[in-house]
Amino acid sequence: MYAFAIDSFGQTPAVRDLPVPEPGAGEVQIEVRAAAVNPIDWKLAGGAFARPGAEFPFPLTLGFDVAGRISAVGQGAAFEVGQEVFGMRRPGTAAAHPHGSYAQYMTASPDIAALALRPEGLDPVVAAALPMTGGTALALTRWLDLQDGETLLLVGATGGVGSYVTQLAAARGARVIAVASAEDHDYARQLGATEFVDYRTTDVADAVRAAHPEGIDAVVDLVDDREVVAQKIAPLLRKGGRLASTIFAADPDALAEAGVRAVNFNYRATDDDMAELGRLVSTGALRVGETTTYPLTAMDQAYTASTSGHVRGKLVITTA
């Protein structure tokens with residue numbers, strides 16, 4: 001089969017010919033139809049998750065999000081051959097499981113991946129774009145517990161996670177301030193944002209403080225480093241506010257002294273979250289933002305686009 005893999009950390013991944021992985025006890029084999037591209041893929045390839053003494057199984061096929069068909073099952077597997085599923089391999093499992101979703105086939109088990117049946121009518125490309133970013137957004141908004149009328153500052157509002165947080169927060173009645181480049185403001189408005197700050201031409205903190213001198217209720221920061229979060233973003237919150245960072249840029253202890261509840265958010269996917277995402281999209285309560293597709297044979301182009309750090313919506317590869 002074709003697979004986008006590496007033989008060592010730091011190596012540039014490439015499409016290559018690898019054996020089809022066979023399912024063991026409790027595992028399923030998935031014939032991949034589509035797989036979404038996430039920044040964690042190139043971080044993994046660069047060795048960000050390597051630990052002294054940890055042995056990784058090479059060749060290592062990249063890819064976490066997947067939509068596909070169950071093509072074979074091991075003894076005791078939870079799914080049946082022919083079922084259409086979607087979900088994600090959990091980050092942190094690559095050391096024990098080298099078969100990612102950037103391939104024509106992959107294997108997965110309950111301890112490795114969160115999976116759910118793909119609702120009838122849900123396109124595989126759409127389903128593949130949901131798990132990691134959609135699941136993270138779902139869990140983030142759940143943690144924030146936004147109330148009707150509250151104000152959320154969302155830094156990185158039009159990327160993969162941000163596109164979903166905008167919708168989920170707006171659905172709760174929150175007023176979303178979208179931090180994004182000017183050309184993405186219309187897109188953010190379509191997702192539910194009501195205020196906009198162009199980070200390229202405007203100081204975000206000054207703009208938000210001028211519009212909300214009494215302070216805001218919550219922040220989701222998907223972009224800024226620890227210094228910016230501490231010195232510019234966190235002070236915008238009123239006492240009792242909440243702040244979440246997905247890149248571990250928050251200092252929860254220091255912010256607690258200022259009356260702010262903060263978390264460095266690390267999402268652990270569940271089967272229930274996958275099923276909930278499928279339900280939300282199928283009923284129209286959540287829509288997948290813009291997707292750009294590539295064939296698996298052009299995976300290197302999708303990978304390069306992801307590393308640019310300026311992706312709107314989602315990049316998805318297909319195996320058809």
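## Briefing: rings, helices and strands

Ring pairs join F4, Y102 and Y303 into a cluster. The model is predicted.

**Aromatic rings**

- The count of aromatic pairs comes to three.
- One involves F9 and F58, whose ring centres are 5.2 Å apart. Their planes stand at 75°, so the pair is edge-to-face; the cut-off for that class is over 60 degrees.
- This pair links distant parts of the chain, 49 residues apart. F9 lies in the loop between β1 (2-6) and β2 (14-17). F58 lies in the loop between α1 (39-45) and β4 (60-61).
- F9 is partly exposed, at 26% relative accessibility. F58 is also partly exposed, with a relative accessible area of 34%.

**Charges over rings**

- R89 places its charged end over the ring of F64, 4.5 Å from the ring centre.
- R261 lies over the face of W143, at 4.5 Å from the centre of that ring.

**Helix α9**

- Helix α9 has twelve residues, 271-282. At 1.5 Å a residue, the helix should span 16 Å. Its end C-alpha atoms are 17 Å apart, which agrees.
- The buried residues in α9 are D273, M274, L277, G278, L280 and V281. They cover an arc of only 165° around the axis, which puts them on the same side of α9.
- That buried set packs against two strands, β6 (84-89) and β8 (113-117). It also packs against the helices α2 (124-128), α3 (131-144) and α4 (160-171).
- G284 follows α9 and has a positive phi, near 85°.

**Helix α10**

- Helix α10 covers residues 299-307, and M299, A302, Y303 and S306 are buried in it. Seen down the axis, the buried residues of α10 fall within an arc of 100°, so they line one face of the helix.
- The cover over these residues includes β1, β2, β3 (28-37) and α1. It also includes β15 (291-295) and β16 (314-318).

**Strands and sheets**

- Strands of a sheet pair through backbone hydrogen bonds, either parallel or antiparallel.
- An open sheet of three strands runs in the order β2-β1-β4, with antiparallel pairing. Its edge strands are β2 and β4, each pairing on one side only.
- Two bridges join β1 and β4 in the antiparallel sense. I6 stands opposite L60 in β4.
- Strand β9 (residues 151-155) pairs with β10 in the parallel sense, over five bridges. L152 stands opposite V176 in β10.
- Strand β10 spans residues 175-179, and four of its five residues are buried, so the strand is largely enclosed by the rest of the structure.

**V165 in helix α4**

- Where is V165 found? It is in helix α4.
- Is V165 buried or exposed? V165 counts as buried, at 0% relative accessibility.
- Which residues is V165 in contact with, leaving aside its neighbours within four places in sequence? They are A137, L140, T141, L152, L154 and V220.
- L140 is 25 residues from V165 along the chain, and their C-alpha atoms are separated by 7.7 Å.

Definitions and conventions. Residues are numbered from 1 along each chain as its sequence is written. This is a predicted model: local features need pLDDT of at least 70, side-chain atom pairs count only at pLDDT 80 or more; totals for chains, interfaces and linings use all residues. Side-chain values use heavy atoms; hydrogens and water are left out. Rings of Phe, Tyr and Trp (its six-membered ring) pair if their centres lie within 6.5 Å; planes under 30 degrees apart count as stacked, over 60 as edge-to-face and the rest as tilted. Buried means under 20% relative accessible area, exposed over 50%, partly exposed in between (1.4 Å probe, protein chains only). A charge sits over a ring if NZ of Lys or CZ of Arg is within 6 Å of the ring centre and within 35 degrees of the ring normal. The expected span of a helix is 1.5 Å times one less than its number of residues. The arc is that of the directions from the helix axis to the C-beta atoms. Contact means heavy atoms within 4.5 Å. Two strands pair if DSSP finds at least two bridges between them.
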